[in-house]
Amino acid sequence: MYLKFFFVIALCFIYVGCNEHQPKPKITTEDVYKAPKLTLDEANRLAELPFECISVEFPNKLNQSLKDASNLGTPKELHPAFYGCYDWHSSVHGHWSLVFLLKKFPNLNMASGIREKLAASISKENILQEVAYFKIEGNASYERTYGWAWVLKLAEELHTWNDPLAREMESNLQPLTDLLVQSYIDFLPKLSYPIRVGEHTNTAFGLSFALDYAETVGVGTLKTEIVKSIKRFYVKDIEKSSCPLAWEPSGFDFLSPCLEEANLVRRILPTSEFKTWFDTFLPQLQNPEFKLTPGKILDRTDGKLVHLDGLNFSRAWCLYGITETLPEYAHLKQIAKDHIDYSLPNIVDGNYSGTHWLGTFALYALNKAE
């Protein structure tokens with residue numbers, strides 16, 4: 001009996017020992033992470049937002065500086081191309097959303113209607129009037145640099161769309177595009193310090209989209225000025241301290257100052273240099289257990305509080321950009337997805353304070369996730 005008992009024990013030890021030498025399956029972030037997808041159904045849902053609002057004139061926030069009474073006019077009189085969606089920049093990126101969706105999903109439910117609306121908005125006459133508005137005394141800084149950035153993003157999207165309507169609209173938009181390219185070139189050398197807020201004037205965001213345009217279209221003078229500015233504004237930040245990500249977000253943020261900067265700097269540094277920079281700038285993100293809670297919105301009818309939905313989408317696209325350059329930070333992808341998942345179901349809710357702009361941010365984030 002004792003012999004039998006010891007025989008069984010010996011077999012157990014042999015079994016355990018053999019199994020200790022067996023390779024154990026390695027569970028990685030990529031094994032459990034599933035990227036969010038922009039499906040045709042989601043595209044149709046999100047297309048409804050800009051399709052409706054680009055022709056909704058009121059309510060409207062003109063954000064004007066008035067030289068005299070001659071500057072007075074209705075939104076459509078002053079901005080015949082971009083009068084809808086509550087404010088000028090939201091109208092511009094609403095047009096970008098529709099172009100982006102038509103390119104990606106030519107079989108959208110509203111495809112023909114979208115084409116008609118885009119052609120009517122981005123006409124030669126309308127764009128020349130938009131250019132004239134910028135040339136009014138005191139208006140050179142209008143929409144600097146958030147609206148400028150979205151015009152260049154729209155121009156880039158048209159440039160890369162192989163469609164006769166795109167060629168027509170790109171040509172029509174070109175005077176405004178050229179004006180804002182030159183505005184960037186003139187303005188950046190005068191900007192002594194970057195603007196590090198979480199709203200429209202954030203310099204890193206404005207430079208990011210402008211750099212996209214410069215690289216895609218091949219505008220070397222613009223790219224040169226942007227790269228110089230990034231080096232001057234941001235590359236030496238790690239000599240001061242790490243970025244205070246724990247202080248974010250502020251109550252009205254729709255951009256993350258820390259993540260927007262990191263997502264921009266990665267574009268101009270060699271990968272090894274960027275990793276050193278990033279590990280100093282945001283050292284906590286090295287930890288595979290790092291957590292970042294999505295911004296919480298308690299009242300989506302409040303136009304300022306709903307900015308935090310936008311923050312969730314913009315954080316996501318920054319995190320996806322960082323992992324594109326540094327694949328070893330793949331754990332950040334799940335954080336990005338969690339941010340998208342928190343806000344995406346809620347943005348088509350009938351509250352114009354959010355619906356006039358959030359669809360664009362959702363689309364951009366979802367596209368970066370793929």
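**Disulfides and pockets**

A search of the whole structure, which is a predicted model, turns up two disulfides.

Take the link between Cys53 and Cys85. Their sulfur atoms sit 2.0 Å apart. The link is right-handed, with 80° about the S-S bond. Cys53 belongs to helix 3 (residues 40–53), while Cys85 lies in the loop between helix 4 (75–78) and helix 5 (88–104), so the bond ties together parts that are 32 residues apart in sequence. Are these cysteines buried or exposed? Cys53 is buried, with a relative accessible area of 2%. Cys85 is buried too, at 0% relative accessibility.

Now turn to Cys243 and Cys258. This pair is also joined by a disulfide, with an S to S distance of 2.0 Å. The torsion about its S-S bond is about -85°, so this disulfide is left-handed. Cys243 lies in the loop between helix 11 (220–233) and helix 12 (257–265), and Cys258 lies in helix 12, so the pair ties together parts that are 15 residues apart in sequence. Both Cys243 and Cys258 are buried.

With the bonded cysteines of the chain numbered in sequence order, the pairing reads 1-2, 3-4. Cys318 takes part in no disulfide.

Next come the pockets. The largest pocket holds about 660 Å³ of space. Its lining is made of 34 residues, and Lys61, Asn63, Asp87, His89 and His200 lie nearest the centre. Which elements supply at least two residues each to this lining? They are helix 5 and helix 16 (352–355). Helix 5 gives the most, with four residues. By class, the lining of the largest pocket has 18 polar, 11 nonpolar and five charged residues.

The second largest pocket has a volume of about 300 Å³. It is lined by 22 residues, and those closest to its centre are Arg196, Cys243, Pro244, Pro257 and Cys258. Here the disulfide pair returns: Cys243 and Cys258, bonded to each other, are among the residues closest to the centre of this pocket. Helix 10 (203–217) and helix 12 each give two or more residues to the lining. Helix 12 gives the most, with three. The lining of the second largest pocket divides into 10 nonpolar, six polar and six charged residues.

Terms used: Residues are numbered from 1 along each chain as its sequence is written. This is a predicted model: local features need pLDDT of at least 70, side-chain atom pairs count only at pLDDT 80 or more; totals for chains, interfaces and linings use all residues. Side-chain values use heavy atoms; hydrogens and water are left out. A disulfide is a pair of cysteine sulfur atoms within 2.5 Å. Buried means under 20% relative accessible area, exposed over 50%, partly exposed in between (1.4 Å probe, protein chains only). On a 1 Å grid over the protein atoms alone, a cavity is a set of points where a 1.4 Å probe fits but cannot get out, and a pocket is an open set with protein on both sides within 12 Å along at least five of seven lines; lining residues have an atom within 4 Å of a point. Grid points are joined across faces, edges and corners, and a volume is the space filled by probe spheres set on the points. Ala, Val, Leu, Ile, Met, Phe, Trp, Tyr, Cys and Pro count as nonpolar, Asp, Glu, Lys and Arg as charged, and the others, Gly among them, as polar.
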